[in-house]
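Here is a friendly briefing to read with the structure open beside you. It starts with the overall fold and then moves through a few local features.

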Amino acid sequence: MAPTVLIIVALRLWPLVLGVNFSFTGDGARNGAAVGLLVLLLPVAVAIPGLLATSIYLRVPGHRVYRGVYFFPAVLSPVIVGAIFNLLLAYDGPLNTLLGGVGLGPVDWLGDPDVAIFAVVGVHVWATFGMALVVFLAGFAALDPSLLDAAKVDGASLPQTIWHVIIPGLSRTIQFVFVTTMIGMLTSMFGLLFVMTSGGPEASTYLPEYYIWVQQGQFNQPALASAASTALFLIMLVVGLAQIGVLRRAGRES
């Protein structure tokens, strides 16, 4: 017991306390990046794997193949994913060539400040939703099949079944996916940001994780990096608790 406690204190709690302590020492000032846009995009990032898991659970044709295909990007390195999408989203790349074939103008996916953040977040969702999909499928395993059978007998449409049966039945799973997806969007996008945009254009993808790396890795400002890390932790804590509260209230009302 005692060695376990020492390991936890040395490897987890002490670095956390040290980081908080650094946060109040001060070594400069620089603006951080807002996380509001990521929070707004969060429902989309949760809805996509939720709907795909629903289609697999309802055994649409090819559902066994889809399960593997959807999960495959989750095993790829963010650096590899970023390099692939750098080629696909290049101004003279295949996606714009395809758009040009249907009469649409080229889009500067990674060079337009108004578009780049959506492109990077979209790639992140594509690369990571496989894990959330697995969690949703595990949640479906605990869902009472008789509820779906009753909805079918009552003539409920698919949207009605999802809204009145599946979402209430998976409320705890949805809470878990919301929180873990938000943490992933705030703390696991560095590889994509570094490879795809380097925080640009015009700092439009200068997200908290990249900001922390710049402070420590480029400017050697550990106090400011620690302060930003602490602020990011507090933001995730507050937003996560707020999400759980809202989802629990919605679950009780439904």
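Helices here are DSSP runs of H or I with at least four residues, numbered from the N terminus. On that basis, the elements of this predicted model run α-α-α-α-α-α-α-α-α-α-α-α from the N terminus on. That makes twelve helices and zero strands.

**Overall picture**

- The protein has 254 residues, and buried residues make up 36% of them.
- Among contacts with a separation of 6 or more, 70% are accounted for by residues 24 or more positions apart.
- I80 and L192 give an example of two positions that are 112 residues apart along the chain, with their C-alpha atoms separated by 8.8 Å.
- I80 itself sits in helix α4, and it counts as partly exposed at 45% relative accessibility.

**Annotated transmembrane regions**

- The UniProt record, an unreviewed entry, carries the annotation "transmembrane region" for residues 35-58, 70-91, 115-143, 176-196 and 223-247.
- In the model, residues 70-91 are 59% helix and 0% strand, and the C-alpha atoms at the ends of this span lie 27 Å apart.
- Residues 115-143 are 93% helix and 0% strand, with 39 Å between the end C-alpha atoms.

**Aromatic pairs**

- A pair of aromatic rings is described by how far apart the centres are and by the angle of the planes.
- Rings of Phe, Tyr and Trp pair if their centres lie within 6.5 Å, and by this rule the count comes to ten aromatic pairs.
- One of them joins F85 and W126, an edge-to-face pair with 5.1 Å from centre to centre and 65° between the planes.
- This pair links distant parts of the chain: F85 belongs to helix α4 (residues 78-88) and W126 to helix α6 (residues 113-141), 41 residues apart.
- Are the two partners buried or exposed? F85 is buried, with a relative accessible area of 15%, while W126 counts as partly exposed at 35%.
- F190 and W213 make a tilted pair, with 5.4 Å between centres and 50° between the planes.
- F190 lies in helix α10 (residues 190-196) and W213 in helix α11 (residues 208-218), so this pair ties together parts that are 23 residues apart in sequence.

- Rolling a probe the size of a water molecule over the atoms shows where empty space is left.
- The second largest pocket holds about 280 Å³ of space.
- Which residues lie nearest its centre? They are T128, M131, A132, T180 and T181, out of 16 residues that line the pocket.
- The elements giving two or more residues to this lining are α2 (36-57), α6 and α9 (171-187).
- Helix α6 gives the most, with seven residues.
- By class, the lining has ten nonpolar, six polar and no charged residues.

**A buried threonine**

- T161 lies in helix α8 (residues 158-169).
- The cut-off for buried is under 20% relative accessible area, so T161 counts as buried at 12%.
- Leaving aside neighbours within four places in sequence, T161 is in contact with L148, A151, A156 and I166.

- Most residues other than glycine have a negative phi, which gives some background for the next two positions.
- A203 has a positive phi, near 60°, in a residue other than glycine.
- Where does A203 sit? The place of A203 is in the loop between α10 and α11, and A203 is partly exposed, with a relative accessible area of 49%.
- N220 likewise has a positive phi, near 50°.
- N220 is found in the loop between α11 and α12 (222-253), and at 57% relative accessibility N220 counts as exposed.

Notes. Residues are numbered from 1 along each chain as its sequence is written. This is a predicted model: local features need pLDDT of at least 70, side-chain atom pairs count only at pLDDT 80 or more; totals for chains, interfaces and linings use all residues. Side-chain values use heavy atoms; hydrogens and water are left out. Rings of Phe, Tyr and Trp (its six-membered ring) pair if their centres lie within 6.5 Å; planes under 30 degrees apart count as stacked, over 60 as edge-to-face and the rest as tilted. Buried means under 20% relative accessible area, exposed over 50%, partly exposed in between (1.4 Å probe, protein chains only). UniProt positions are given in the numbering used here, feature names are shortened, and annotations may be inferred rather than shown by experiment. On a 1 Å grid over the protein atoms alone, a cavity is a set of points where a 1.4 Å probe fits but cannot get out, and a pocket is an open set with protein on both sides within 12 Å along at least five of seven lines; lining residues have an atom within 4 Å of a point. Grid points are joined across faces, edges and corners, and a volume is the space filled by probe spheres set on the points. Ala, Val, Leu, Ile, Met, Phe, Trp, Tyr, Cys and Pro count as nonpolar, Asp, Glu, Lys and Arg as charged, and the others, Gly among them, as polar. Contact means heavy atoms within 4.5 Å.
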